[in-house]
Amino acid sequence: MKVEVWTDMVCPFCYIGKRRLEAGLEKLVHPEAVNMVYRSFELDPDMEVNPSDDVYGLAAAKQGSTREHMKAMQETISKRAEQVGLKFNYDTAKPTNTFNAHRLLKYAMTFGKGDDLLERLYQAYFTDSLHLGDVNTLVDLAVQSGLDRSDTAAMLESDQYGDEVRADELEASRLGIRGVPFFVINDKYAISGAQPAEVFAEALQQAWKEENPLIPFKSSSLDPDASLCEDGSCQLPNSSHD
């Protein structure tokens, strides 16, 4: 079962949504059968690598609001994060361009390290206040995920996986995706936003049933009046006791 997730490493609801999706996966009988595919979505592709303002100032300028209003909004988001066990430190967060981080995630996925690296990228930005636009930071996170340091550094110095990032963003546009997180299950069920765990569980279970339908066994030896218990009660078939 395939679950595609369009995400950005500086999107708070993407991190919260990841936790809720994980909670939904825990309700599946076979969570190991789920193949997670992470898709790139830059919330601000024009963001500088080293902007001169902080999170609040940048958000206020973009939204046409005030620092005070944006800080209050971020505090509300932080409280939501706490509900799923996450700690957000917006006061010290380092906003930056995430294009290279997306390229790195694509690279990590080729080694089966996408899940681990994405978690580290989220934590690095929201909790540890690390600079995701800094190549050395990205290399360190990759090494923590089990990737080779020199190979990772060489990849980041090249333009590798840039086309894959852009292809994801074009696909998002084609599908009409305007925000993240955005989840697509088996190319059929679309879920927008950091929905409750129950929503993810229901969608995943529905997709699982469609992939693994029960097929009634057919045989000339089957007794159509075989005893059956259902709806909390058991009854003997009338045909066998006339």
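Q: What places glycine 57 in helix 2?
A: Glycine 57 is found in helix 2, which spans residues 55–63. Helices here are DSSP runs of H or I with at least four residues, strands are runs of E with at least two, and both are numbered from the N terminus. This is a predicted model: local features need pLDDT of at least 70, side-chain atom pairs count only at pLDDT 80 or more, and totals for chains, interfaces and linings use all residues. Residues are numbered from 1 along each chain as its sequence is written, and side-chain values use heavy atoms, with hydrogens and water left out.

Q: Why is glycine 57 called buried?
A: Its relative accessible area is 10%. Buried means under 20%, exposed over 50%, and partly exposed in between (1.4 Å probe, protein chains only). So glycine 57 counts as buried.

Q: What makes tyrosine 15 and phenylalanine 88 a stacked pair?
A: By the ring rule, the count comes to 10 aromatic pairs. In this one, the centres are 6.1 Å apart and the planes are at 15°. Rings of Phe, Tyr and Trp (its six-membered ring) pair if their centres lie within 6.5 Å; planes under 30 degrees apart are stacked, over 60 edge-to-face, and the rest tilted.

Q: Why is the pair of tyrosine 107 and phenylalanine 111 called edge-to-face?
A: The ring centres are 5.1 Å apart and the planes are at 70°, so the pair is edge-to-face. Tyrosine 107 is buried at 9% relative accessible area. Phenylalanine 111 is partly exposed at 47%.

Q: What makes arginine 39 and aspartate 168 a salt bridge?
A: Their closest N and O atoms are 3.5 Å apart. A salt bridge needs a side-chain nitrogen of Lys or Arg within 4 Å of a carboxyl oxygen of Asp or Glu. The pair meets that rule, so it counts. It links strand 2 (residues 35–40) with helix 8 (residues 162–175), 129 residues apart. Arginine 39 is partly exposed at 22%, whereas aspartate 168 is buried at 6%.

Q: Why is arginine 174 called exposed?
A: Its relative accessibility is 58%, so arginine 174 counts as exposed. Arginine 174 also forms a salt bridge with glutamate 171, at 2.7 Å. Both lie in helix 8, 3 residues apart, about one turn of the helix.
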